[in-house]
Amino acid sequence: MTRRTHMDRRALFASGAAAALLAATGVSAGVVPRRGGRMRAALSGADRLDRFDATQNHGLFMQVAMVGTVFDTLTEIAADGTLRGELASSWQGSVDARTWVLDLREGVTFHNGASFQATDVEASLALHRGTILSDVLAVQVLSPKKLQIELAVGDPDFPFRLSDPRLVVYPAANMTEAMHKGIGTGLYRVHRFQSGRQLIGHRVETHYKDGLSGWFDEIELVALSADAVRAEALRENYVDVADLTHAADLGDASGITMLPQEHFMTTAVDHCIAVPRQVGSRWPLDNLRAAERWWMA
């Protein structure tokens with residue numbers, strides 16, 4: 001084997017590893033996400049009674065503040081529409097899709113230092129047994145990292161349902177405090193929270209998504225109820241992102257990207273923010289996960 005052949009194979013291996021990373025993050029070749037900076041977003045739908053309570057009927061502000069930011073769900077819908085494990089590393093359904101066994105991710109901790117366990121999932125799902133999980137008959141903890149869920153009727157789409165933004169996971173032993181202060185397993189720890197006004201989150205030191213998501217050092221969400229005011233804040237560079245449904249208030253929209261597309265927009269983004277090649281459109285702001293998926297250009 002010549003040195004040249006050896007180097008070529010190393011380069012091939014490196015390019016394959018890079019391709020795997022790009023596929024996982026949803027970005028195109030040649031555009032590599034980088035860590036750093038603060039994303040500032042002006043959002044609608046905030047309320048002075050807001051808190052980190054998944055049983056509340058939240059507007060967009062708290063939805064973005066919670067899912068993919070402060071908290072995680074068991075599964076997530078990627079920008080390309082595929083289902084991926086989040087706090088659940090794998091799952092297996094019975095033939096009739098009534099019984100589901102979930103294996104949970106190892107090495108995950110809450111922002112208060114508590115270790116993530118199956119009992120946390122059990123307690124968090126119990127919050128919704130009378131509403132969006134009314135078909136769940138039983139949740140049984142099989143081990144610290146495994147649990148079984150029994151449904152009244154078979155549902156092959158149950159793993160997709162577990163990605164619902166309302167199904168965030170709390171620490172069972174401190175659930176009331178977690179709803180008040182925002183204690184989750186997400187990429188960003190709450191630094192400052194003012195109900196109906198502002199959230200500032202700082203990137204946690206280490207996270208199981210390191211190298212795949214969570215590129216900003218800080219995120220700041222500011223509540224602005226009027227479309228025209230959010231557009232002005234973006235136009236005057238007070239924020240980098242704003243939820244908008246039309247571009248009329250932006251005036252000159254040069255330097256601004258309309259997402260998911262110009263003629264069907266839910267979000268306007270300044271060119272200082274880079275977005276993946278594919279942007280999820282099931283919910284606004286890239287399936288509510290802009291804080292974890294986007295980065296500074």
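Which residue stands opposite V241 in β11? In this predicted model, the residue opposite V241 is A41. Strand β1 (residues 38-43) pairs with β11 (residues 241-243) in the parallel sense, over two bridges. A parallel pairing over six bridges also joins β1 to strand β10 (residues 218-223), and here the bridge partner of A41 is L221.

R230 belongs to helix α6 (residues 227-235) and is buried, because its relative accessibility of 2% falls under the 20% cut-off. A polar atom of its side chain lies 3.0 Å from the backbone oxygen of L224. Apart from residues up to four places away in sequence, R230 touches A42, L43 and S44, L224 and S225, and A242, D243 and L244.

The largest nonpolar core comprises 61 residues, of which M39, L74, L102, L104, Y170, L221 and W294 touch the most other members. Helix α2 (residues 60-66) supplies the largest share of this core, with six residues. A second core of twelve residues is separate and includes A231, M258, M265 and A268. Among the residues touched by L104, with those up to four places away in sequence not counted, are L74, L87, F116, V121, P144 and L147.

Aromatic pairs number five in the model. One of them is formed by F52 and F193, with a centre-to-centre distance of 4.6 Å and 50° between the planes, a tilted arrangement. This pair links distant parts of the chain, since F52 lies in the loop between β1 and α2 and F193 in strand β8 (residues 188-194), 141 residues apart. F52 is buried, with a relative accessible area of 0%. The rings of F71 and Y170 form an edge-to-face pair, 5.2 Å centre to centre and with 70° between the planes. Distant parts of the chain are again linked: F71 is in the loop between α2 and β2 (75-77), and Y170 is in the loop between α4 (158-161) and α5 (175-181), 99 residues away. F71 is buried at a relative accessible area of 0%, and Y170 likewise counts as buried at 0% relative accessibility. Ring pairs link F52, F71, Y170 and F193 into a cluster.

H128 counts as buried because its relative accessibility is 3%, under the 20% cut-off. With neighbours within four places in sequence left aside, H128 is in contact with A54, T55, L133, S134, R166 and L167.

Notes:
Residues are numbered from 1 along each chain as its sequence is written. This is a predicted model: local features need pLDDT of at least 70, side-chain atom pairs count only at pLDDT 80 or more; totals for chains, interfaces and linings use all residues. Side-chain values use heavy atoms; hydrogens and water are left out. Two strands pair if DSSP finds at least two bridges between them. Helices (H or I, at least four residues) and strands (E, at least two) are DSSP runs, numbered from the N terminus. Buried means under 20% relative accessible area, exposed over 50%, partly exposed in between (1.4 Å probe, protein chains only). A polar contact is a pair of N or O atoms within 3.5 Å; within protein, one must be able to donate a hydrogen and the other to accept it, and residues adjacent in sequence count only if both atoms are side-chain atoms. Contact means heavy atoms within 4.5 Å. A nonpolar core is a set of buried Ala, Val, Leu, Ile, Met, Phe, Trp, Tyr and Cys residues joined through side-chain atoms within 4.5 Å. Rings of Phe, Tyr and Trp (its six-membered ring) pair if their centres lie within 6.5 Å; planes under 30 degrees apart count as stacked, over 60 as edge-to-face and the rest as tilted.
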